[in-house]
Amino acid sequence: MTVEILSFDLVVVGAGPAGLCFARALRDSGLRIGLVERLDAATLAAPAYDGREIALTQRSARTLRDLGVWDRLPAADLAPLRTARVLNGLSPDGLDVSPTARGAMELGYLIANHHIRRAAFEEVRDQPNVTLLAGATVSAVTTDSTRGRVTLADGRVLEARLVVAADTRFSETRRAIGIPARHRDFGKTMLVCRMALETPHESIATEWFGHDQTLAVLPLNENRASIVVTLRHIEITALKNLPAEEFEREMQRRFLSRLGRMTLESERFAYPLVGVYPGRFTATRYAAVGDAAVGMHPVTAHGFNLGLVGTDALARLLCAAATDGRDIGAATLLDRYDREHRKATLPLYLATNAVVGLYTTDSPPARFLRGALLGIARRATPVSAVLSGLLMQGSLPDGLPRAPLAGLLPRRAAS
Ligand SMILES: Cc1cc2nc3c(=O)[nH]c(=O)nc-3n(C[C@H](O)[C@H](O)[C@H](O)COP(=O)(O)OP(=O)(O)OC[C@H]3O[C@@H](n4cnc5c(N)ncnc54)[C@H](O)[C@@H]3O)c2cc1C
């Protein structure tokens, strides 16, 4: 039997938001890209609502504008995010974070994940240097010093100078390459759905760390909101299965009627919470982007935002190498991406996990500590300024001490 071999400069596994934005960022690179996706093309063209409302930083909005994806998002569904509020327990006093940048009206924007997927797919679908292999199952991935090989279940073999994984936080490509990753199972599940609210939300995103539960309200247009409830998996399953009217009453009870009457407007979706950080983002002729690089807990709303930081960084390095006629799979290039993306993501990954740990532990010392921390943060203007910068640009300011985090760097895995 003859094996069909398809030759590319790079193969990207996964056409989710990260894989698509990455391929789009390489449009003018002259590189021939094979984009492999398990879902079929019809599903990619019309992805279903999945309950995720993505809070985009101003920086991500700029990146999506540059990629042409922004203009394909439905303007009526883009909701401004003006303030982020953190509440602790029953205390009505929270920490409010508003834009600090001059002239900025909002911290960022909310848009449903399926809109991002569809818009990015529309941009890439007819891109001349991209060959979409949709509805394809990967059966093996190997790399050596000269090339990467991706074998599909139908027997076709894709060869390239670089293989890029963009295939979720549980990346099978990363596993095939043999890179270990630290998984942190938070032991909780997040339920998300859209609800209409009686009380105006005033474009304020509220994260409410109550006792035994974490609730969030993400403001959407027309006084709708994405309602987020984090509980033990068994409790989420029960909530998800409640008849709509009982669910609405239960939500009003959990939110202490602060949002007035709440009306369910969508299906309910459940996401088990697992953070993933691999030992390396790169190996021989391999790199990871999106959730395959960093799988964030959604509480700080940074998964896709960091994904765009990574796709942008790797695409720039590849474009420069292609322009200069250098090897796009060279170890020096990949090492640089690994260093840059680790610096951009590790402090946030660790800080997010620390926040989750502190705010979901219900022991009296933890309750006291989080109340005290919020009090300090409320009074200290620099803290709000740092948080504002974080929410708008998705990175910690350069001046912040990172040294204590250095010791927590995951040990490097042999590639
Ligand atoms: C409830 C929730 C709320 C969130 N809120 C925010 C937020 O406010 N802000 C934010 O920035 N981020 C948020 N995120 C994170 C964000 O959704 C993810 O970071 C983003 O979707 C990751 O995109 P991705 O392309 O890396 O991976 P995915 O979206 O997981 O896409 C991966 C793609 O790879 C394909 N694939 C997988 N395996 C294979 C294979 N073996 N072969 C071929 N194809 C394969 C899949 O079919 C899929 O199309 C949230 C996440 C959740 C769960």
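Because the model is predicted, local features need pLDDT of at least 70 and side-chain atom pairs count only at pLDDT 80 or more, whereas totals for chains, interfaces and linings use all residues. Residues are numbered from 1 along each chain as its sequence is written.

The chain contains twelve helices and 21 strands; helices (H or I, at least four residues) and strands (E, at least two) are DSSP runs, numbered from the N terminus. Of its 415 residues, 44% are buried. A residue counts as buried if 20 or more other C-beta atoms lie within 10 Å of its own, as exposed if 12 or fewer do, and as partly exposed in between, with C-beta atoms placed from the backbone. Contacts are defined by C-beta atoms, placed from the backbone, that lie within 7 Å. Among contacts between residues at least 6 apart in sequence, 76% join residues at least 24 apart.

Two strands pair if DSSP finds at least two bridges between them. Within this order, S2 (residues 10-13) and S13 (residues 162-165) are parallel and share four bridges; valine 12 stands opposite valine 164 in S13.

The other open sheet has four strands in the order S1-S12-S11-S10, again with mixed pairing. Here the edge strands are S1 (5-7) and S10 (138-143), each of which pairs on one side only. On average, neighbouring strands of this sheet are turned by 20 degrees against each other, direction ignored; the axes are lines fitted to C-alpha atoms, for helices over the stretch in contact, and angles run from 0 to 180 degrees between N-to-C directions. S1 runs parallel to S12 (residues 157-160), to which three bridges join it, and leucine 6 has leucine 158 in S12 as its bridge partner.

S4 pairs in the antiparallel sense with S8 (residues 108-112) over five bridges, and alanine 55 has leucine 110 as its bridge partner in S8.

The ligand is surrounded by 33 residues, of which the closest are Gly14, Gly16, Gly290, Ala301 and Gly303; a residue is near the ligand if its C-beta atom, placed from the backbone, lies within 6 Å of it. The shell divides into 17 nonpolar, ten polar and six charged residues; Ala, Val, Leu, Ile, Met, Phe, Trp, Tyr, Cys and Pro count as nonpolar, Asp, Glu, Lys and Arg as charged, and the others, Gly among them, as polar. At least three shell residues come from each of domain 1 (5-77 + 111-183 + 276-406) and domain 2 (184-273), the bounds being taken from an automatic or database domain assignment.

Glycine 19 lies in helix H1 (residues 17-25). This glycine 19 counts as buried because it has 27 C-beta neighbours inside 10 Å. Leaving aside neighbours within four places in sequence, glycine 19 is in contact with Val12, Gly14, Leu35, Ala166 and Gly290. Glycine 290 is 271 residues from glycine 19 along the chain, yet their C-alpha atoms are separated by 7.3 Å.

Methods
Contact = placed C-beta atoms within 7 Å.
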